[in-house]
Each structure stands twice: as C-alpha cells, then as structure tokens.
Amino acid sequence: MTAAPDHAPTMTRLSAADRLAKAAPFLLVPVLILAGFLAIGTTSSWLTLTVSGLAMGMMIFVMASGLTLVFGLMDVINFGHGAFVSLGAFVGISVLLALPGWTAEPSLALNLAAVLLAIACAMVLTGLSGWAFERVIVRPVYGAHLKQILVTVGGLIVIEQLIHVIWGPDEIFLNRPETLQGAVTFAGAALEKYRILAVVFGLAIFLAMRLILRRTKIGLIVRAGVQNGQMVESLGYRLRLVFIGVFVAGSALAGLGGVMWGLYQEVITAGMGERMMILVFIVVIIGGLGSVEGAFIGALLVGLMQNYIAFLEPKLALISNIGLMTAILMWRPQGMMPVVKAK
Amino acid sequence: MLTAILSGDTPRSRILTVLLLAVLVCLAAAPFLFPGVRALETAATICIFIVLVASYDLLLGYTGIVSFAHTMFFGLGAYGVALASTHLGRSWGALLVGTASGAVAAAVLALLIGLFSLRVRAIFFAMITLAVASAVAVLVSQLFEITGGEDGLTYQIPRALTPAFRFGELFGVNLNGRIINYYLVFAASLVLFLLLLRIVNSPFGRVLQAIRENDFRAEAIGYRVVWYRTAATCLSAAVAALAGSLYAIWLRYVGPDTTLSFEIMLDILLMVVIGGMGTMYGAVLGAVIFVLAQNYLQSLMGVAAGAAEGLPVLPLLLDPNRWLMWLGILFILSVYFFPTGIVGRLRSGR
C-alpha cells in the first residue's frame, strides 16, 4: 500500500474586489439612501421619504417573496399572483369593516388585534385559494412556460372578476384603525405611524423567513430544491409536497401584502393586485429569479427610488423603476443575486 | 399561382378553406353585403385585428415568446398617425410620415427591450414587457400636453377618406369616403397578412419554429437564437404598429382605452389561443369570432341575466359587465384542451 499522495490545497482569501462584488447588492441600499440625502438636502423631508420608501419596499417584498420562491423551486412563473393580493385585501378589509367597535376605539391593543385578525383571515383564505389555484390551474401545465403564463393570466382575470361579483364593482374606501392614524414627529420629520408599523412588520417577516430558510430542515430542503431539484428528489424527499407548501405560503404572503397595501392606500380595488404585480415583477427580476435576499434588496431599492424621485422630479417617478431595472440588468444581466442552478 | 400567394401554406382542411373563403368574401364585399354603419365598423375592426393578432402569433405561436407589450406597439403606430396629422395638418403626407415613424419607433423600442431581456432568458421578456407597457400607458395619459391624456386625440384625415366625400351610388349603396377608407384598411390588412404568411414560411420562419421547439438545439446547429428572437420581436412590433396606424386612420381618434389598455392585450391573447397558436389562419378565425362575440355576446348575456332573475347568484354571474370572466374561463379551458385552437382541430380532423 502506498501512502496517499501529498495534497496541500492553498486556501487563499478572496481578493478584495471579489468580496466587494459579493457584497455590492447589500451596499446598494445604504448608498441609495445616502444619495437621496445628498440630493434632497433637508433632513426632515429625507427622513419622511426614507421611512415611506422603506415601508413601501417592505410591502412589495412581502408580495414578491412567494413568487420568487415558487419560481426558483419549480420553474413555475405565476402571473396570477396579483389576484391573491387583491383577494387578501378584500377579505382583510371586509373583516376590518365588520369590526367597527374594535377599530374606532382609541386603544392600541384592540386596534392591533383587529388588524391581526384581518390579516389572519386574509392569509387563511388566500392560502386556501392558492392551494386550489395550484391544483386546478397550475398543475396541468408543468414544464411549459408558455402555457403557464397564459393559464395563470386567465386565472388572474377570473379571480378579479369573481371579486367584482362578490364585492361589487366599486372601489372600497376605509379608514385605518384609530391609533394607527396620524404621525409622530421625530427630529423635525413627520413619520406616519402606519408606515413605521409596516417597516417593523415587513422586517419581522423577512427575518422570520430567513430563519426558516437557513435554520430549519424544511428550509434546507427548499433551498436545496431551488438549487437542484432532481438531487433532492433522488434523496427521497417529495419535492411536489414541498412545492405545494411553498405555493400556499406564497399566496398567503401575497394576501398579507394585500391587506398591508390596502391599509396603506386606504382604498382597495379589484385591479390593485394587477398593478402591484408590475412592481413585483421588477423587484423579482432585479433581485434575481429565485432569490429571497435579492427580492428583499430589490424591493427596498424600488420603494426608496420611487419615493425619492417622486419628491425630486414627479414626472420621472413613473419611469424611475424601469430605469432602475435597466441599470441593474446592464450591471448583472441575471439580476443582483442569481440563484446558481446545478443543471 | 394561388399557392405562391399563400407562400405554400395552404389551409389543408376542407372546412377551414370554406371558412377562410367565407371570411375573405364577406370582408371584401362588406360595404355592399352588410349595409349600415355598425356592420362596416365591425368589418374594419376585424381586418385590423386580423393583422394585429397575426403579428402577435409570429411571436407567441411561431417563436414561443410571450409579450405583453403588443398593445404598446399598436398604440405607437396609432399615436404616430394622430400626432403627425395634428401637427402636419390634413394631408396624405402626414398619414405616411406618421405611419412610417410609428413603425420605426416600435421596431427600435422592441430592439431595445429584446436586447435587454431576450439575451438572458425568454421568460424575462414576458415580465419586462408587462412593466414597460404599463409604464408607457401611464406616461401617455400623464403627458396630456402631447398626447391628449385620457381624452386622446381627434384629428382630420384627407377628405377623400371621410363620409363627407360622396361620389355616386352602386348596388343601392351610397358610395362615400368611408367606403374608400374601408378598402384602404382592407387592402393594407390583406397585404400585411400575406407578408406575415410569407415570413413564417420562409427559412427565417423555419428557424423561429426550431427555436420554439428547442432553443438549445437550434443554437447548437449554429443559429444565433438571440438574434432570431430579437428580429422576430422587431418584425412583429413593426407590423403591430402598422395595424395601429390603420386603426387610427379608420377611427380618426386615438386614446389610451382604444389602443393601449391591458384589456386589448387580453383580447389579443384570447384571439390567438382560440384561433390556434402557430398558424396564421388561426389569427383570422380567432379575430373574426372574437370581434363578433364582443359585439353581440354582451347583449346575449344581458338577456340571459334577465331570464335568470330571481335565482340566487346566477344574475350576478351573467351580468354583461362580467363577460371578461367567462372569456377568462374559456381562455383557460382552451389552453388546456385545445392548445392548437380551432385551426389545429380542423387540420387534424381531416
């Protein structure tokens, strides 16, 4: 028997440039906030805009996270995702409107309880309809992108129209619960209470999601499935079940985003999900399809950019997001943090 | 001779041939067969939508790319004619300039979008076109100094194309400029349709179909997939813009609702799928059936809703405003069960 040949791998550290390239997406958000500060000049309006931009970004992230995971896991692109946003908003707001006693009372605990109840109802219902959607609409068209896009667009239309049938064709106006109205003043800037709540809430969801994906077994399977589904299946996991779970969870998150967005805008329409989908798609593309962290950063960028530009140059706000998307795709054609597929 | 005009792509089904001939005859003689303003409107709309849907089929059915920006290109052509007619005055030159600039603008925009998205993944294209198209739609309604905003633009076209221009009578029908206008639309549509038929049956069209079936293999054989996809996108955008120009010449009005709305995009998708993806003839049947249904189905639904009065949920579901829902259901079912559409069915059931 001969001894094993000498094997001395040289472990060099990544060069500074490589590490910077890895960290660059994370740095973009602070850089954008700083650039916004320089461009705007006054601290108070900058603070207000930053908070509302972050709030908007968090809400978009909540809607986008499910979509990007569903794509990463099963290569399914769901154009009907926006329908769950609308559905969640209508269910949640109906619950809130049915509890005038809880929302009109100037008690934070009662108000939050009402909001949480509304969110729970919305999530359960959108989760269930997500399950049905997967069963009826998505399942027969696996592996065919073209048909997926067509069929899910059809599903979007049908759900939107059903919302019209159930809740009537008009938009619904609402007031936020008593203690969530108004603003607090901090360092001379008026910060709307609801926006702060939205930031906290969105951050909590992001952290919870990251915890589940990084620290639990199911998260490990999901991440492995995104990277190489065949290998996960050959190890004996039924990826289909995992996928259905992710689809349901993603739909429920879309519903949650819908409730949050409805409370933010104080008006809901059946077409709101469809309109939000445009921002959600931009976020998913610039983040890199399949990447939750990428979607988070992308959502914050979109939210901040929209608010800064709307303040600086209102006419440009409409195309600022397209501009952002173009710039990022020129820099990284696959999105900021593409999921490396082992295929 | 006939086969040469059809570029060798004959209907290959007796029923289909009969249907297509019927459509051709009805459209060619529409002013005399169906007198009346509404019938002529319907016929012109059908002509224009046949071209629009056929150009979309070049992308969806032949190349396998889903785009949501087709109405944007359609709108570019329409606004091109509208803006040229508004600023250059009432002349044939203005129509030509507007049409040409609309088509060029559409092709350039398609090239830009294609370069950004098709390079990476075809699926990006669907999402990016959706985003760009909605941004353009919003932009058009915001820049009301230029585009007229939500109200749109009305403008004048040469007198020979308007109802005020009369020149006698034939078969008991008053001949006026409107009929000339109709024949302009009809002839242009026919030429554009035959041109598209020529394109998809050329070697270029074969490569597109190869890419649709298996892009990896097409690349391996040596075709630059990105190049072909981008070229198909530009061609389809230019033809859509030309259809938009025809629509603008016919209506003498453009507005966001008639040219840019997402609803029209859905209509186009439905027409392609119902008629049959991957056949130009599918566009003909899809557009004819859909436009007729759009014009007459809603009144039928109103009657049905009235008949269902008193039953619990049914009247709400049958409300004429909910017809989009039924189209959505029809759309899903046809993607599942008739992926080749009417034409595919007719051809296989020979």
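A salt bridge is a side-chain nitrogen of Lys or Arg within 4 Å of a carboxyl oxygen of Asp or Glu. One such pair joins R214(A) and E293(A), whose closest N and O atoms are 3.2 Å apart. The structure is a predicted model, in which local features need pLDDT of at least 70 and side-chain atom pairs count only at pLDDT 80 or more, while totals for chains, interfaces and linings use all residues. Residues are numbered from 1 along each chain as its sequence is written, chains are lettered from A and ligands numbered from 1 in the order in which they are written, and side-chain values use heavy atoms, with hydrogens and water left out.

**Salt bridges**

- Over all chains, a search of the whole structure finds 9 salt bridges.
- Helices (H or I, at least four residues) and strands (E, at least two) are DSSP runs, numbered from the N terminus.
- E293(A) also meets R210(A) in a salt bridge, at 2.5 Å from N to O. Because R210(A) is in helix 7 (residues 193-215) and E293(A) is in helix 12 (residues 292-312) of chain A, this pair ties together parts 83 residues apart in sequence.
- E293(A) counts as buried at 15% relative accessibility. Buried means under 20% relative accessible area, exposed means over 50%, and partly exposed lies in between (1.4 Å probe, protein chains only).
- R210(A) is partly exposed at 35% relative accessibility, and R214(A) is partly exposed at 37%.
- A network of salt bridges links E134(A), R139(A) and R240(A).
- E134(A) is buried, with a relative accessible area of 0%, whereas R139(A) is partly exposed, with 29%.

**The interface of chain B and chain A**

- The size of an interface is often given as the accessible area lost when the parts come together. Here, chain B and chain A bury about 3600 Å² between them, and 83% of it is on carbon and sulfur atoms. Buried area is the accessible area (1.4 Å probe) that two parts lose on being put together, summed over both.
- The contact (heavy atoms within 4.5 Å) takes 42 residues from chain B and 39 residues from chain A.
- Across this interface the rule finds 0 salt bridges and 2 residue pairs in polar contact, both at pLDDT 80 or more. A polar contact is a pair of N or O atoms within 3.5 Å; within protein, one must be able to donate a hydrogen and the other to accept it, and residues adjacent in sequence count only if both atoms are side-chain atoms.
- On the side of chain B that touches chain A, two or more residues come from each of helix 7 (122-142), helix 14 (262-275), helix 16 (314-317) and helix 17 (323-337) of chain B. Helix 7 of chain B gives the most, with 13 residues.
- The residues on this side of chain B divide into 33 nonpolar, 5 polar and 4 charged. Ala, Val, Leu, Ile, Met, Phe, Trp, Tyr, Cys and Pro count as nonpolar, Asp, Glu, Lys and Arg as charged, and the others, Gly among them, as polar.

**Nonpolar cores**

- A nonpolar core is a set of buried Ala, Val, Leu, Ile, Met, Phe, Trp, Tyr and Cys residues joined through side-chain atoms within 4.5 Å.
- The largest such core has 220 residues, and those with the most contacts inside it are I60(A), F79(A), L27(B), F68(B), Y182(B) and M280(B). Helix 2 (residues 43-74) of chain A provides the largest share of this core, 19 residues.
- Apart from neighbours within four places in sequence, Y182(B) is in contact with residues including L27(B), P31(B), C47(B) and W250(B).
- A second, separate core of 14 residues includes V81(B), L95(B), L153(B) and I249(B).

**Positive phi values**

- Most residues other than glycine have a negative phi.
- E266(A) has a positive phi, near 60°, and lies in the loop between helix 10 (239-265) and strand 4 (267-268) of chain A.
- R252(B) likewise has a positive phi of about 60° although it is not a glycine. R252(B) is placed in the loop between helix 12 (225-251) and strand 4 (253-254) of chain B.
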